[in-house]
Amino acid sequence: MSTEQTVTERSDGVDTAHRSDTAHRSDTPHGTDRTGSAGSASGAVEEWRIRVTGVVQGVGYRPFVYKLARELGLSGWVRNDPEGVLVEASGPVTALEEFAAGLSGRAPELARVDEVRTTRGPDRAAVPAGPFTIVHSEHTGARSALLPADTHVCGDCQAELRDPKDRRHRYPFINCTNCGPRYSIIRDLPYDRPMTTMATFTMCAVCKAEYEDPMDRRYHAQPNACPDCGPRLLLRDRVGNTAEGDEALLHAARVLADGGIAAMKSVGGFHLVVDATNAEAVALLRRRKRRDSKPFAVMVRDLATAQGLVDLSEAEIAVLRSPARPILLARKRAGSLPESVAPRNPNLGIMLPSAPHHHLLLDEPGLEALVATSGNISGYPIAYRNEEALEQLFEIADVILYHDRDIEIRVDDSVVRLSDHPELEQPLLQFIRRARGYAPYPVDVGREVVPVVALGAELKTTVALTNGSQVFLSQHIGDLKNDETFAAHHRTARHLAQLYALKPEVTAHDMHPQFRSTRAALDDDGAGPALPTVEVQHHHAHMASCMAENHVSGTTLGVIFDGFGYGEDGTVWGGEFLLGDYAAYRRVGRMRGLPLIGGDQAVREPIRTGYALALDAYDGDADRALAGFPALAALDGQRRQVFATMASRGINSPSTSSMGRLFDGAAALAGVCARAEYEAQGPIELEGLLDRDAAPEPHASYRFGAYASDGLTEVDPRPVIRAMAADIAGGLPVDRISRRFHTAVVAMVRERCEALREETGVNQVALSGGVFLNEFLLLNCLTGLTADGFDTHVHRLVPTNDGGIALGQVMVADARSRLRNRRGVTT
C-alpha cells in the first residue's frame, strides 16, 4: 500500500515562465507517520516516488533536483520523461518532506511547477543505494511535459560575455540551462540536442564536458556551444561584401552609427534596426518600409536607458525584466526620442535585449537605443530563414546581420501593457500580442476538453490544440492575407500537434465563409482522414475565450466590441451584447446598423464611415452633415454625392454594427484620422489624446440612445454624433471631445448591462474583442461594472483581440461535441 498527496499550482500572472513560489503541501502532518500516529516517523526511512509536471524540462530542473537531493543526503534518481520529471528518492521522512517542498519552493527561475504528486511507500527495492543520480530520459508514452519558451540572456552569461578572460568573451550565442533559445529551435520531442536546429553543430571536448557535468551550469543545455564549435555571426551588404564573427557585428554597428539600416536575425526572426535617436535614420526606415505612421518598438541597452525614455512603475520594470523580455507599452517621456518613432501616441513600445548579440550591439558607443521592428516587407510575415531574408530584406536594409543557427519556427516579439487604476487591487496585464517568451505555454481552462484543433480567425490569428484541460495556444501568426502567412498558419498547427503528439478529433473554425482559416478547416488536404468541423460565430468565440481563461461557466453576458465578425444573419457584427454559455448564445443587443461605404475600403478610409455616421445623424441631409463636421470638407462634392448614394441604396455598402467602425468614424469626424495606414489608427490616435488618463469626462458627457428592434435593443449613436458637431462648432478642444466620446461609450455599456441584468437576472459579464485594447474603455468598464455589483471578467492570459479567438473556438467546439455525444447516447 501507499499514500498519495498532490499540490496543484496555477500561474495567472505575466511571468508564465517563472517558478511558482507556493511550496509543496503535504496531506500528512509533519511529525506523524503514514498511519497518523505520532512518534518516530521523522527518523523513519521511506521511498517516495514524486511526479513533477509543468515547465520542468530544458530549464535546469534535473540538476537542481540532483543538487537538492545530495544536499539532503537522499539516495535515488531523477529523469525526464514525456510527462515531465520523475523522481525516486529514499531517506529519512523529514528530509523527504523538505525535499518535496523544495521541488516547487526552490525551483530554478525558468521553471514553472504546476504539480508535485508524491506517492509514499515502504518498498525501497526500486531505489538503489548510494549517491543520488541523474538517469537517462525515457521517451515512450503520452507527451504532456511542457516545452520551454525562448528566454533572455541570464546574468551569469552576460558576465561571461563581457569578461575578456572567459573563453566565451563576446560570443554571440552564449547560453546555459538558465537562458537561451528553446521553442524557436525545437524540431521534435524529447527536447534533446538531436531534435533541435543545433544538431548540425558537434560540441567540442570542453563544451561536452560541461554538458555532461550535473554540477555545471550548462548541464544538458541543448544549445550549448562556444566559438570553437558553435554557430557563427555573418554579415552581407547590398553589393555582396561579407564579414564574419565580431567583425560582422562591428560592421553592422558602424552602419547604424552612420544612419543606415540593418536587418538583424534575432531569436525568432529578423528585426529591422536603426538608431532610434537619429530622426533621419527613422525617416529613412519609414520610407523604405512604406510605414508612415505606425509606431516602432525600441530596444534599449539597459533599464537605466529605458527609464530615460519612458516612465516605469515597479510592476512595469518587473515585466520588462522578466525572462520573456516582451515589448512593453509604457508612457513615453516628452522629447526623449524623435516624435517620428511613435507619432501621435502617448506610449512607446520598449524592450530589453533578448539575445547575446543584442547586448553586444547595444554596448557599442552611441547605440543605446535602437528601433527594432519586425523584419518583413509590407504584407509579408516576419522573415526567419536566412535565404528569405537575403532575398527580401535588401529592399529595406543596407546590411543583413545573420547567423547559421536555424530558426525552426517563426516567433515574433510579444507585446504587453500594464494598466493601473485606483480601484484595481493590482495592475491589469493585457497581451496585445502573445508570442516569444510565452508561447507555447498552455492556458489551463479548468476542465477536461475534447481533442480539438482550432484555426482562429483571419487577422492576428493563432491556432490552438488541446490536451486534457490544457489549451496550447500558438504564438502570434499574423494576418492570413498572403500565401506565406497562410503556410505559416498550417505549419504552426502541425508543429504543435507533432511536438505534443496530439491527435485532434474535431476542427473548430470561424463562421465567415471567405476566411482562409475556414477554407483550411473545410478542405481535405489528403494528409489524413477529414475531421468533423464545428463552425463558431466570431463574437461567441470572443466571449468563450474570456470565460475560459477565467474559469467561468454558466450563463454569461458578453459585451463584445471589435471591428469585424461575420454574423448569423450575414451582416457584419462588431458591437454586440450576447447572452449564453459555451454551447449556445443569443444576441440581446447591438449597435445601430451603419453602412460601410465601399466595404473594406471604409476601413482604410475612416472618413467614409464618418460621413455615413453624419448622414445618419442628420436623416440623410448632406448639407447639415457637412456643416456639422468641417473634416468632411476633405471629400470633394462629387465623392460626397457618390458616397451618399451608395449609403442610401446599399451599393457596396454592407450594414455593420461594429463598435470599431464607430470609433473609426468618430476619429475621422473629430479631424484626427481621415485615412488609416494601419488597423485602428484612428481609434488609437483618438484614445492617445487622453494621454493615458482614465478619468471620465465630468461634465456634459454625450449619451447614446436606445430602442427596441427585431426583439433586441439597438444602441443609437446619432445623439452622440450630433453632440460632437455642437462641440466642434463651439470650439471645444479635440482632446475634450475624445474624452466625452469615450465616457459616453462606458456609460452606455453600464446602462445596457444593468438593463439586461434586470431583464434576465444574469450578473456575470465578460468583456472581449479588439476594441477593449482601448485602455480607457477597458479600465472604466471593468471598474464601473464591478462597482455596479457585476462579476466582471476581462482577458489577462490571452489577447482580447483576435489572437484569443482560437481559445474560444476550442471551448465552443468542446461544449457542442459533448452535447452531440449525449444526444447520440440518448437516442
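Trainee: Which residues in α21 meet which residues in α22?

Mentor: Let me say at the start that this is a predicted model. From α21, Arg739, His742, Thr743, Val745, Val746, Val749, Arg750 and Cys753 take part, and they meet Phe776, Leu777, Asn780, Cys781, Gly784 and Leu785 of α22. By class, the contact of α21 with α22 has eight nonpolar, four polar and two charged residues.

Trainee: How is the packing of α21 and α22 described?

Mentor: Two packed helices are described by the angle between their axes and the distance between the axes. For α21 (residues 734-760) and α22 (residues 775-787), the angle is about 35° and the axes are 10 Å apart.

Trainee: And what makes the crossing of α21 and α22 right-handed?

Mentor: A crossing gets that name if the near helix is turned clockwise from the far one by less than a right angle. The crossing of α21 and α22 is right-handed, so it meets that clockwise rule.

Trainee: What is His742 in contact with, apart from its neighbours within four places in sequence?

Mentor: His742 is in contact with Phe663, Leu686, Glu687, Leu690, Asn774 and Phe776; contact here means heavy atoms within 4.5 Å. As for its place, His742 is found in helix α21. Its C-alpha atom is separated by 25 Å from that of Glu758, 16 residues apart along the chain.

Trainee: Now to the strands. How do you know that strand β32 is mostly covered?

Mentor: Five of the five residues of β32 (residues 764-768) are buried. In a regular strand the side chains alternate between the two faces of the sheet. In β32, Gln764, Ala766 and Ser768 lie on one side and Val765 and Leu767 on the other, and all are buried.

Trainee: What makes β25 and β32 a pair of strands?

Mentor: Pairing needs at least two bridges. Strand β25 (residues 556-566) and β32 are joined by four, so they qualify, and they run parallel. In this pair, Gly558 stands opposite Ala766.

Trainee: How many bridges join β32 and β33?

Mentor: There are three bridges between β32 and strand β33 (residues 791-793), and the sense is parallel. Gln764 has Asp791 in β33 as its bridge partner. The chain passes from β32 through α22 to β33, a β-α-β crossover that is right-handed.

Trainee: Why are β19 and β24 called edge strands?

Mentor: They belong to an open sheet of six strands in the order β19-β22-β21-β20-β23-β24, with mixed pairing. β19 (442-444) and β24 (533-536) each have a single partner strand, so one side of each has no neighbour in the sheet. From one strand to the next, the twist averages 25°.

Trainee: Which pairs in that sheet run antiparallel, for example with β22?

Mentor: β19 and β22 do, over three bridges, and Asp444 has Gln470 in β22 as its bridge partner. β21 and β22 do too, over four bridges; there, Asn467 is the bridge partner of Gln470. β21 and β22 form a hairpin with two residues between them, and Gly468 in the turn has a positive phi of about 70°.

Trainee: What makes β20 and β21 count as paired?

Mentor: They have two bridges, and at least two are needed, so the pair counts. β20 (residues 452-454) and β21 (residues 464-467) run antiparallel, with Val453 opposite Leu465.

Trainee: Why is Lys460 called partly exposed?

Mentor: The class runs between the cut-off for buried, under 20%, and that for exposed, over 50%. Lys460 is at 23%, so it falls in that class. Lys460 lies in the loop between β20 and β21 and has a positive phi of about 50° although it is not a glycine.

Trainee: And what puts His551 in its accessibility class?

Mentor: Its relative accessibility is 36%, so His551 counts as partly exposed. His551 sits in the loop between α13 (538-549) and β25, with a positive phi of about 55° although it is not a glycine.

Note on methods
Residues are numbered from 1 along each chain as its sequence is written. This is a predicted model: local features need pLDDT of at least 70, side-chain atom pairs count only at pLDDT 80 or more; totals for chains, interfaces and linings use all residues. Side-chain values use heavy atoms; hydrogens and water are left out. Axes are lines fitted to C-alpha atoms, for helices over the stretch in contact, and angles run from 0 to 180 degrees between N-to-C directions. Ala, Val, Leu, Ile, Met, Phe, Trp, Tyr, Cys and Pro count as nonpolar, Asp, Glu, Lys and Arg as charged, and the others, Gly among them, as polar. Buried means under 20% relative accessible area, exposed over 50%, partly exposed in between (1.4 Å probe, protein chains only). A crossover is right-handed if, with the strands pointing away from the viewer, the path from the first strand over the helix to the second runs clockwise.
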